[in-house]
Amino acid sequence: MIVTAQQQLIQLPDGSRAILEAAALLNQPFSVSLLIDLGFSADTLDPLFDSGIFREPFPNRAEFTNSGLRNELLGGMPWSRKRRLCEQVGELLSHRCDALGEAADFFCRAHRYGNARICCVQAAKEACHSGQYAKAFSLFRRAIEIWPAGEDTDKRTHTLKEVARCARHAREFGAAQLAWEEILATCRATGSAEGEIEARNQIAELSQVLGDHAAALSSLKEAAELRQRKGSDLQAARQWFALANYLAHRIRVREAFAALALAREAAEKARHVGLLSEILAFEGFIFAMMGKHHEARARVDSSLQLALTNNLPEQVAIAYHGLGKLRDFTGEYAKAREAHSYAISFCRQEGNVSEEHFCLGCLSYVLFRTGQWRSALENARKVLADKTVHPAARAFAAVMPAMIGVLRGERRHGNARLSDALLQLRANSVVILEFHALWVRGIMAELEGNQSLAAEQYRELLSLWHETEDRMGAVPGVVSAAGFYADRRDGANLATCCEVLGVIAQENRNVETRAGSQAVLAEAARCHGDLASAVTLMRDAIEGYDHLGTMLEMAFLRRRFALMLATLGQPREAEEKRREALELARRLGLRPFLDCLRSDIVPAASLLSEDAARPVAAIGLTPRQRSILGLIAKGLTNKEIASYLNLSARTIEMHVALALERLNCRTRSEGVSRAFSQGLLGIKD
């Protein structure tokens, strides 16, 4: 026979209704010991278990067998009784560290919101101490939800800051931003300029993480203007400098320079030599980004002199780092490597860990460009191993192993790491390396046959360039994009690539921008059927990249050049360039690229027909290889040959390795001897 809830209420044992009402208020299943702490004896519980009203699903936990009975009890209980019981339960639970959240629930049900806030905040602090930031964020936010604005404003603002801090740790960046926006509104209402500036800076940082760069820029500008009105000259200088730094790394150089001028003016008024030295070094960085290399060097030299004269080791490290960055923007990677290495040594000597991280990141970039990938990975890992590293330095370092992994064919993990690294770059406005990440993604999509993804990456790269005033970082990606569009006869996008490289090469004149421009023009000439001009331009471009020693471009463009030569009816030289590309790809471990190169074999019949028309001496070695072997015969080292021929040492190593392979020799001296014996070298060589 089924007993209804109403019948059970009628049949309750004497004196049991009070305990049942208390049990009905508790969360199910409820703690039996908590019910006893509320003043009910254990003896009064036995009949309730015996009659089947309660059951015990777990040790020391009970629940109503019939949920309908619980609902009847709750519905028939006077509100005053509910409130009184909730207060009692809240008081009991508030003394238990593991039940503070529940205590807050019961205090809220009793309308004792002050006690509920105290429990929420205390529980949130406990969660923070144990690293449970998501839980802490939820509890702090709950405290704010039941905390009227205007009541105990200072404590409420402090709690909002805790909401934002825990939200950031829990990666709830939008919630953190909302908390700071509420703090900003409070500070504006109370007239707290310091609080408003702090809030605007935090909102700018979070907007940046969320990719809302317009909001970030607006907040930083408002903070700088407010600081100039209500702060000291030194504070104003630092705030304008922060704005300039943000703009520069977004590659909005003219706006950055304007902000930096205000920072310099305020620093001069404050007579703060250290900050003035940093501003001068940063001016040099901005001039370098604009392609004004003489002005850039003058500023960094002034910064260094000021720091040395006043014995400011932190600023000396920044200036030395600045010298390395200037070389990056001129494409002088060998000198950049030396400058960054010296800056790292100085930072270690002075114990400047933060600046050392940035120097290591920059050195890792230079080593990536010049094909010294083992060293690039080592330096990047040193940065990533430090948990205290600045987020921008971490983003800079994280993208290097990600790009190398993808280029080497680590598709599954490599693509995931590169996507994560790209998010970090965007969150920290490291736009220069964002260009490189998009470049690598475009290349790999193309090599893997995913043409739509490649087009998307190159389109994004060109769009990003138009949002900036970049005059260097986009060059490698635009060169690859031009080849992609030329293969598809996409004249409109190819013209855009030519236009972009034209602007860059005009305003930042160096070997790399000139070589990039020649490569893009070669692709345009090929697209329009002018193969002779395409071959001439690509040959010049490769010579430029050989001088730089940027091995990825050296390999990729040799493949493009080989295909042009084969189309033009020069299969022998085409095969030579393909083999050179193979050698470079093997050194770097570019497995996907190697697969494509192996499918680019020049037809044997074409090679044989051309062999018949060539002198024997010309078949064995290229003119460049013969020239280098001749210099080896005269006793020159690779470094000396590189200096003599105005090429990079890495390029010389490649030519020597290919020459020895063709001659089937293991050593340099054996190679020279065999070249003489086969008539490939004469006395004049």
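Author: Start with Glu332, which is partly exposed, with a relative accessible area of 28%. The side chain of Glu332 meets that of Lys335 in a salt bridge, at 3.7 Å from N to O. A salt bridge here is a side-chain nitrogen of Lys or Arg within 4 Å of a carboxyl oxygen of Asp or Glu. Lys335 is partly exposed too, at 43%.

A word on the basis. This is a predicted model, in which local features need pLDDT of at least 70 and side-chain atom pairs count only at pLDDT 80 or more, while totals for chains, interfaces and linings use all residues. Residues are numbered from 1 along each chain as its sequence is written, and side-chain values use heavy atoms, with hydrogens and water left out.

By the salt-bridge rule, the count is 44. One of these bridges joins Asp37 and Arg96, with 2.8 Å between N and O. This pair links distant parts of the chain, 59 residues apart. Asp37 sits in helix α3 (residues 32–37). Arg96 lies in the loop between α6 (79–93) and α7 (100–109). Helices are DSSP runs of H or I with at least four residues, strands are runs of E with at least two, and both are numbered from the N terminus. Asp37 has 43% relative accessibility, so it counts as partly exposed. Arg96 has 27%, and therefore counts as partly exposed.

Now take Glu91 and Arg112. They form a salt bridge, and their closest N and O atoms are 2.7 Å apart. Glu91 is partly exposed at 32% relative accessibility. Arg112 is partly exposed at 21%.

Other bridges join into a group. Arg264, Glu268, Glu283 and Arg299 are linked in a network of salt bridges.

To recap the pairs: Asp37 with Arg96 at 2.8 Å, Glu91 with Arg112 at 2.7 Å, and Lys335 with Glu332 at 3.7 Å.

Notes
Buried < 20%, exposed > 50% of the residue type's maximum accessible area, 1.4 Å probe, protein only.
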